[in-house]
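The sequence and the model come first, then the notes.

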Amino acid sequence: MELKLKIIKKCIISQDWIRWLNDKEVTKYSDNRLKKHSKSTQREFLKKKLKEKSCILYKIIYEKKPIGIIEISKINNFHKTCEFTYMIGEKEYWNKGIGTKLITLALKIAFNNLSMEKVNVGIYGNNKGSEKILMKNGFKREGKLHNYYKISKSKRVDRILFGIIKKKFKL
Ligand SMILES: CC(C)(COP(=O)(O)OP(=O)(O)OC[C@H]1O[C@@H](n2cnc3c(N)ncnc32)[C@H](O)[C@@H]1OP(=O)(O)O)[C@@H](O)C(=O)NCCC(=O)NCCS
């Protein structure tokens, strides 16, 4: 399986990225579901992100095809911590083991290239696929913020916090 992460350095937005962000199934577990996305809104977002020193965006490339985005954010060089947020926008690539491999690659970058010592991820409590790929990479469930996200008029779900420290990550 040829999976690569390519740093986004230029403010170029693909139509695919907009399509992923406007796909309610893809953004079901993200606050991106609350907005309508266009090239111009995304250009503003990316312009801001590219100026931030504490964040790096990567294209997820599977067998030469861009299939999603992963962000390493909140990079703190004192505490040596960061966070991941990710989406595989091309849904036909779900449930093939790519997400698991994606997290392994991102952990290698965080620990080996960025010299981080702890990685944190917060997810919607009902995002079972995401929970699975974190657990399979050695993340531990570290906490829960009760009823954090509103998912419908009458339903809320928890925010689950996962974390992994470098010494627990097997390269
Ligand atoms: C979450 C995501 C990255 C997972 O990627 P993926 O390539 O499908 O992940 P994998 O195939 O490596 O593993 C998914 C696992 O979760 C399981 N799974 C998926 N949906 C599930 C569900 N509703 N209930 C239980 N298990 C589920 C799969 O069966 C698979 O388990 P297995 O490894 O035992 O077969 C991908 O679905 C995605 O990008 N979704 C949209 C955005 C998103 O949710 N991002 C995360 C925000 S924190």
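In which sense do strand E2 and strand E3 pair, and over how many bridges? Strand E2 (residues 56-62) and strand E3 (residues 65-76) pair in the antiparallel sense, over seven bridges. The model is predicted: local features need pLDDT of at least 70, side-chain atom pairs count only at pLDDT 80 or more, and totals for chains, interfaces and linings use all residues. Residues are numbered from 1 along each chain as its sequence is written.

Terms

- Strands (E, at least two residues) are DSSP runs, numbered from the N terminus.
- Two strands pair if DSSP finds at least two bridges between them.

Strands E2 and E3

- Tyr58 has Ile70 of E3 opposite it.
- E2 and E3 form a hairpin with two residues between the strands, and Glu63 in this hairpin has a positive phi near 45 degrees.

Strands E3 and E4

- The pairing of E3 with E4 is antiparallel and runs over seven bridges.
- Asn76 has Thr81 of E4 opposite it.
- Four residues separate E3 and E4 in their hairpin, and Lys80 in the turn takes a positive phi of about 60 degrees.

Ile88

- Ile88 is part of strand E4, which covers residues 81-88.
- Ile88 counts as buried because it has 22 C-beta neighbours inside 10 Å; the cut-off for buried is 20 or more other C-beta atoms within 10 Å, with C-beta atoms placed from the backbone.
- Leaving out residues up to four places away in sequence, Ile88 touches residues including Ile60, Ile67, Tyr93 and Trp94; contact means C-beta atoms, placed from the backbone, within 7 Å.
- Lys59 is 29 residues from Ile88 in sequence, and their C-alpha atoms are 9.8 Å apart.

Methods:
A residue is buried if 20 or more other C-beta atoms lie within 10 Å of its own, exposed if 12 or fewer, and partly exposed in between; C-beta atoms are placed from the backbone. Two residues are in contact if their C-beta atoms, placed from the backbone, lie within 7 Å.
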